[in-house]
Amino acid sequence: MSTKNVALIVGATGLSGSYTGRLLKENGWTVVTLSRGAAELDFSDRHIAAELTDAAAAKAALAGAQDVTHVFFCTWSRQANEAENVRVNSAMIRHLFEGLHSAPLQHAALVTGLKHYLGSFDDYAKVKPYTPFLESSPRLPGLNFYYAQEDVVFEYAAKRGFTWSVHRPHTMIGFVIGNAMNMAVTLACYATICKHTGRPFVYPGSTEQYNAVTDVTDARLLAQQLLWTVETPAAADTPFNTANGDVFRWTWLWKQIADYFGLPVAEHPGHPTPLVEQMADAPAIWAEIVAKHGLQDIPVDKLASWWHSDADLGRTLECFTDMTNSRTLGFDAYQSTRSSFTDVFDELKARKIIPA
């Protein structure tokens, strides 16, 4: 790609943002990164620290980003309820586009997720949608900040004349420290603690989810789809589900993870045993593990997101996606889900974050 393509990665320190930024840089793009604070990112040509919830601060911070041609919005801000989620997260996108008032924008890509089909945090899984989730499905009734984010993107795309895409990944698998929704790292920490303490490696979620068909999204595949979208004119103004391309049941994958860590699979008790409760004593145990194995001294609560993995693994309905929109346009990337997890585990070992 020509360096005339200037990407602004909003949420560049997270999973989707970091993998996308790295891939764009490898393909010759100029990459401008944005996060709330300072960040040293190996793929960033220049970094902007900006609080997008503040319109004036966002405008000032973005004054030097008027060369941006493509926006990749890969972040959100969790609030106390869905009304606040809608207000804050839609305002962040609005402030971003107002701050890029003179930029020659060609495309804006928004990364959301499967709450598009399952409902907001306040109404999560109160409906039972058809599976696989279809990109053509109508919106659910009620507040949903994903819908509010989309509407702002659509508004500015129409006003400014750029194209858009919306990308709806399932549970994201990849490596980054400090991400609030990082299942692979969370399960690596859980398995490591079970091995250290002799606790049973029990699937912590619901029986329904343990046995259901599901899928996940490798952050590398999401990045590939984002790049493909902006290189494919026919993909303009389209929503895309984003998943690895295989499906699985946790009854199978749990054994794959157990085998990787040299653990027996504990019998599922027939009810959830949430990680939030199981891992209440994890900080002290993790400190022991770090000292014993000479690991990087990173607190376990900065690595693991017990609550988010509990939410994913504790669902009582089937969740997997159909990728008709991108498949019919030629996007054929595929990622083995087992390798999505084990590649992260290998990286954690190489970085001395978990024991080798």
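Buried means under 20% relative accessible area, exposed over 50%, and partly exposed in between, with a 1.4 Å probe and protein chains only. By that scale R94 is partly exposed, at 31%. This is a predicted model, where local features need pLDDT of at least 70 and side-chain atom pairs count only at pLDDT 80 or more, while totals for chains, interfaces and linings use all residues. Residues are numbered from 1 along each chain as its sequence is written, and side-chain values use heavy atoms, with hydrogens and water left out.

Start with the salt bridges. A salt bridge here is a side-chain nitrogen of Lys or Arg within 4 Å of a carboxyl oxygen of Asp or Glu. The structure has 16 of them. R94 pairs with E155, with 2.9 Å between the closest N and O atoms. R94 sits in helix α3 (residues 82-99) and E155 in helix α5 (residues 145-160), so the bridge ties together parts 61 residues apart in sequence. Helices (H or I, at least four residues) and strands (E, at least two) are DSSP runs, numbered from the N terminus. E155 is partly exposed, at 30%.

Helix α5 also holds E150. Its partner is R168, with the closest N and O atoms 3.1 Å apart. R168 lies in strand β6 (residues 163-169), so this pair joins parts 18 residues apart in sequence. Both R168 and E150 are buried. They belong to a network of salt bridges that links R139, E150, D151 and R168.

Now look at R46 and D67. Their side chains meet in a salt bridge at 2.5 Å, N to O. R46 is in strand β3 (residues 46-49), and D67 is in the loop between α2 (55-61) and β4 (70-73), so parts 21 residues apart in sequence are tied together.

Next, the pockets. On a 1 Å grid over the protein atoms alone, a pocket is an open set of points with protein on both sides within 12 Å along at least five of seven lines, and lining residues have an atom within 4 Å of a point. The largest pocket holds about 1,000 Å³ of space. It is lined by 46 residues, and C74, T75, W76, N179 and M181 are the closest to its centre. Helix α13 gives the most to this lining, with 4 residues.

The second largest pocket has a volume of about 470 Å³. Of its 20 lining residues, S18, Y19, R22, F175 and V176 are the closest to the centre. The largest share of that lining, 5 residues, comes from α1.

Notes
1 Å grid on protein atoms, 1.4 Å probe; cavity = no way out; pocket = protein on both sides within 12 Å on 5 of 7 lines; lining within 4 Å. Points joined across faces, edges and corners; volume = space filled by probe spheres on them.
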